[in-house]
Amino acid sequence: MGEDAGKGLECPKLMDGKGNSGNGSEKVIPSCCLKARASAPELEAKCHSTVVSGWFSESQSSSDDAGKMVYFNNPMWPGEAHSLKVESILFKEKSDYQEVLVFESSTYGKVLVLDGIVQLTEKDECAYQEMIAHLPLCSIPSPKTVLVVGGGDGGVLREISRHSSVEHIDICEIDKMVIDVSKKFFPELAVGFEDPRVDLHVGDAIEFLRHAPKGKYDAIIVDSSDPVLLKSL
């Protein structure tokens, strides 16, 4: 095939559309989504700054000195890029702390994304929840009091509740939107909030722990977001 074959068919990576998120910041929308909106308004369900041509990717973007969008992968996983085919976007909104996105994927069921980073999928969430909860609790003789930092989807609570020795579970999640969204779209995880031993605290876990008596908890499980710092290139 000639060198020009296929040119113009790929989805441009330069962003030429902007939308206001409601908090004063502008979000870029892929040009392919802008064209889709114009030709078929129903495709709005697949339009998002992280979704290009119907595929979600964890790749992040930043502006260089010239204002041009520059792409790079999640610094937590150098040399890797994870993409999922999107059937429809179910929820997209910005909370006081982060952008919350839920979409239906073709192969992994519903997916929860915070600030462009996948937090869980319906298909494989159990592997993460089980490992982060059962390994520490099974290493402690009869744990009775447990604190969960983050974990607003409720999955870790679900697994902790399987331990009959546990008498009380505190969970401190800073973002109430994550809790509400999880209860609506991921009820099989959020069922953890229904356990009568659970006491929910919405707020900063650092401040919460400052006021907790020393030695109160037999185990503290940290299920907060990855500390990813995105630098401008």
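Visitor: Leu209: buried, exposed or partly exposed?
Guide: This is a predicted model. In it, Leu209 has 34% relative accessibility, so Leu209 counts as partly exposed. The cut-offs matter here: buried means under 20%, and exposed means over 50%.

Visitor: Where does Leu209 sit?
Guide: Leu209 is in helix 6, which covers residues 205-210.

Visitor: Which residues form a nonpolar patch with Leu209?
Guide: Ile220 and Val222. The three form a nonpolar patch on the surface. Together they have about 240 Å² of accessible area.

Visitor: Let's go inside. Which residues touch the most other members of the largest nonpolar core?
Guide: Val146, Val148, Leu157, Ile160 and Ile169. That core has 16 residues.

Visitor: Which elements give two or more residues to this core?
Guide: Helix 2 (125-138) and helix 3 (155-160) do. So do strand 11 (145-150), strand 12 (168-173) and strand 14 (219-223).

Visitor: Which one gives the largest share?
Guide: Helix 3, with three residues.

Visitor: Why would nonpolar side chains be buried together?
Guide: As a general rule, they tend to be in soluble globular proteins.

Visitor: Back to Ile169. What does Ile169 touch?
Guide: Leave out residues up to four places away in sequence. Then Ile169 touches Val146, Val148, Leu157, Ile160, Ser161, Arg197, Val198 and Asp199.

Visitor: What other core lies apart from the largest one?
Guide: One of twelve residues. Among them are Val102, Leu112, Leu114 and Met177.

Visitor: New topic. How many aromatic pairs are there?
Guide: A search of the whole structure finds two. In one of them, Phe56 pairs with Phe103. Their centres are 5.2 Å apart, with 35° between the planes, and the pair is tilted.

Visitor: Where are Phe56 and Phe103 in the chain?
Guide: Phe56 is in strand 4 (residues 55-57), and Phe103 is in strand 8 (residues 99-105). Phe56 and Phe103 are both buried.

Visitor: Ser182: buried or exposed?
Guide: Ser182 is in helix 4 too. At 0% relative accessibility, it counts as buried.

Visitor: What is Ser182 in contact with?
Guide: Beyond its neighbours within four places in sequence, Ser182 contacts Leu112, Gly152, Asp153, Pro187 and Ala190.

Conventions
Residues numbered from 1 in each chain as written. Predicted model: local features only at pLDDT ≥ 70, side-chain atom pairs only at ≥ 80, totals over all residues. Heavy atoms only, no water. Core = buried A, V, L, I, M, F, W, Y, C linked by side-chain atoms within 4.5 Å. Buried < 20%, exposed > 50% of the residue type's maximum accessible area, 1.4 Å probe, protein only. Helix = DSSP H or I, 4+ residues; strand = E, 2+ residues; numbered from the N terminus. Contact = heavy atoms within 4.5 Å. Patch = residues over 30% accessible without salt bridge, like charges linked within 9 Å, V, L, I, M, F, W, Y side chains within 5 Å. Areas by Shrake-Rupley, 256 points an atom, 1.4 Å probe, with all protein chains shown as cover. Salt bridge = Lys/Arg side-chain N within 4 Å of Asp/Glu carboxyl O. Phe/Tyr/Trp six-rings, centres within 6.5 Å; stacked < 30°, edge-to-face > 60°.
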